[in-house]
Amino acid sequence: MRSFRLRLLLGSVLWTLALLAVQRASTERGLKSGTLPRRVLYFGSMSYELIDVTTESDWREYHSLRRRVLWEQRGLTNYDETHADEYKAAHHPLLLKLFGRAIGTARLDDFGNNTGAVRLVAIERDLQRQGHGRVLSEYIENYARGLGIKTLYLNAVPEAIGYYEKLGWKPYVWDETELVGIASACRQMSKQLSRC
Ligand SMILES: CC(C)(COP(=O)(O)OP(=O)(O)OC[C@H]1O[C@@H](n2cnc3c(N)ncnc32)[C@H](O)[C@@H]1OP(=O)(O)O)[C@@H](O)C(=O)NCCC(=O)NCCS
């Protein structure tokens, strides 16, 4: 009886592992061919990584993704890779990778008083609305906690307000002087970070 139970347990473990392997393979295939299903189950969060942008190729991917998603796809042309804000010590340019492919970006600016701002959040257009933005947000919040940040701020474009509301952000005017130029139509929001 005992050995039967053991075999049953081993069988279920092997079956689960096989299912996860199939899931992962189909996600990788979908990602490569651009036919990723709307909702996919990942191998936990192990296939994702949030990295600091450091190497030349990271910088290329970071700027290229932002230029396309946040500027060109909105009809804007004045993206500036050399903007001084990108290279300040307290600013953290970040890339979200899935199976090694850069699919999202954001910058986290540490204000140094337990607060900070999330800037220029973007997910690759053909991968939007599939849960990657939620993952990016969770990773950024963890990163921020690691810096001692307790409250995050951002300027949300009108089209993204619903996304931020889903993730627990609340309307909050934190610095009106930021609402100029391309940010003039943005709504300011904040989020208290829970301890994890
Ligand atoms: C906004 C953006 C980062 C969201 O990333 P995403 O991968 O599409 O978001 P997710 O699929 O993880 O969505 C998370 C939740 O927010 C919701 N959501 C996503 N985008 C939304 C939107 N524009 N309006 C309302 N809700 C939205 C999703 O339905 C989901 O809710 P659910 O889990 O209850 O179904 C992404 O769509 C994007 O890059 N947009 C273009 C650039 C942009 O607007 N950036 C924000 C600058 S402030």
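This is a predicted model: local features need pLDDT of at least 70, side-chain atom pairs count only at pLDDT 80 or more; totals for chains, interfaces and linings use all residues.
Biologist: Which elements does the chain have?

Modeller: Four helices and seven strands. Starting at the N terminus, they follow the pattern α-β-α-β-β-β-α-β-α-β-β.

Biologist: What makes the sheet open, and in which order do its strands stand?

Modeller: The order of the seven strands is 1-2-3-4-5-7-6, and the pairing is mixed. Strand 1 (48-52) and strand 6 (170-171) are the edges: each has a single partner strand, so one side of each has no neighbour in the sheet.

Biologist: How do you know that strand 4 and strand 5 pair?

Modeller: Pairing takes at least two bridges. Strand 4 (residues 115-123) and strand 5 (residues 151-156) have three, in the parallel sense. Within this pair, Gly116 is opposite Leu152 of strand 5.

Biologist: What joins strand 2 to strand 3, and strand 3 to strand 4?

Modeller: Strand 2 and strand 3 run antiparallel and are joined by eight bridges; Pro93 has Arg107 in strand 3 as its bridge partner. Strand 3 and strand 4 also run antiparallel, with six bridges between them, and here Arg107 is partnered by Arg119 in strand 4.

Biologist: Which residues take a positive phi in the two hairpins?

Modeller: In the hairpin of strand 2 and strand 3, with two residues between the strands, Phe99 has a positive phi near 50 degrees. The hairpin of strand 3 and strand 4 has four residues between the strands, and Gly112 has a positive phi near 85 degrees. Asn114, in the loop between strand 3 and strand 4, has a phi near 65 degrees, a positive value in a residue other than glycine.

Biologist: Where does helix 3 lie?

Modeller: Helix 3 (residues 132-146) lies across strands 1, 2, 3, 4 and 5, at about 35 degrees to strand 3.

Biologist: What makes up the largest nonpolar core?

Modeller: It has 27 residues, and those with the most contacts inside it are Ala106, Val118, Leu136, Ile140, Leu152 and Leu154. Helix 2, strand 2, strand 3, strand 4, helix 3 and strand 5 each give two or more residues to this core. Strand 4 gives the largest share, five residues. In soluble globular proteins, nonpolar side chains tend to be buried together.

Biologist: Which residues does Val118 touch?

Modeller: Leaving aside residues up to four places away in sequence, Val118 touches Ala106, Leu108, Ile140, Leu152 and Leu154.

Biologist: How many of the chain's residues count as buried?

Modeller: Of the 196 residues, 21% count as buried.

Key: Residues are numbered from 1 along each chain as its sequence is written. Two residues are in contact if their C-beta atoms, placed from the backbone, lie within 7 Å. Axes are lines fitted to C-alpha atoms, for helices over the stretch in contact, and angles run from 0 to 180 degrees between N-to-C directions. A nonpolar core is a set of buried Ala, Val, Leu, Ile, Met, Phe, Trp, Tyr and Cys residues joined through C-beta atoms within 7 Å. A residue is buried if 20 or more other C-beta atoms lie within 10 Å of its own, exposed if 12 or fewer, and partly exposed in between; C-beta atoms are placed from the backbone.
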